[in-house]
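Trainee: Could we go through how the two parts of this protein meet, one step at a time?

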Amino acid sequence: MAIYLSAEKERELVETARRMLEGGKGLLAADESTGSMAKRLQSIGLENNEENRRLYRQLLFTGSKDLAQSISGVILFHETLYQNNDSGKPFRQILQEQGIIPGIKVDKGLVPLAGTNGENTTQGLDGLSERCAQYYKDGARFAKWRCALKIGDGLPSELGIRETSNVLARYASICQQNGIVPIVEPEVLLEGDHDLETCQRVTEKVLAATYKALSEHHVFLEGTLLKPNMVTAGGQSEEDASINLNAINRYPGKKPWALTFSYGRALQASVLSKWAGKSDNVQQAQDELIRRAKANCSAAQGKYEGGTQSIAGQQSLFEAGRNY
């Protein structure tokens, strides 16, 4: 029988995945592309340049060490992985010293899938193995790759589902060969006028196809994480994201896996508003991050009672047609 991963590499992948999920901890998604960061910074009147992006990420990563009690890993954008704080220390090293695992976004965005009715695929497989090898050397231990599927007007098509599944499986296999835990994300978008039952049916179909493809590509499932659409913030308000995560974890049904969070806007909206680009506000903004991180860590254990006060707590964060 062929051996696709060494026992040593399997053990490393399992240990990384375990650390990412222990104790109700979750992930801070700070992997916004340069284009996405433009929207964030413009909302507080700042120019979207590398120094302002660095200052914002510095705020996120260099506050209280209490962050590591709720956040197990941070998903970084390529630029951010190689940025430093004001003293010249790499952000990735700062995170590692706190016991927080650096991760990396490795896809290169959504592009139209030719021959379909407005569906997408995700690019970035070319050269992925070489990039993953370098990211591993530079401290990254997990990766993110997002695919997105729409519901409505005959969508998602069989072709769209098959393409998504195979792309995710190829990405996952390449990551594991390089010692990196892949987050598998076949996101079924919330947009549309479909009902909950339709979303459930489509999601089940997409997940079944995805795991079939993972099996066919000999992906080591114990060394993967699944990011399904029903446990992403998806543009909910910060408080709603926490409350709904809590409700999922309080549900008395079978839950053989940890159900935690990987939030971007639902951890950062209040942080960004409080900071407003002013150095005098850094400490208060960092306190906002700690509050939301603690709320979500409690929710991941079904222990959140609600009521965490934050500037953008009830503000809807939905963006139609979002391309990260």
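Mentor: Let us begin with a term: buried area is the accessible area, found with a 1.4 Å probe, that two parts lose on being put together, summed over both. This is a predicted model, in which local features need pLDDT of at least 70 and side-chain atom pairs count only at pLDDT 80 or more, while totals for chains, interfaces and linings use all residues. Residues are numbered from 1 along each chain as its sequence is written, and side-chain values use heavy atoms, with hydrogens and water left out.

Trainee: How many Å separate the centres of domain 1 and domain 2?

Mentor: The domain assignment, which is automatic or taken from a database, gives domain 1 as 29-103 + 236-303 and domain 2 as 106-218. Taken over C-alpha atoms, the distance between their centres is 23 Å.

Trainee: What area do domain 1 and domain 2 bury between them?

Mentor: Of the area buried here, 63% lies on carbon and sulfur atoms. On the side of domain 1, Ile75, Tyr82 and Gly103 lose the most area to domain 2, together 37% of what that side buries. For domain 1 and domain 2, the buried area is about 850 Å².

Trainee: Which residue meets Lys144 in a salt bridge?

Mentor: A salt bridge requires a side-chain nitrogen of Lys or Arg within 4 Å of a carboxyl oxygen of Asp or Glu, and the rule finds one across the interface of domain 1 and domain 2. With 3.0 Å from N to O, the side chain of Lys144 meets that of Asp31.
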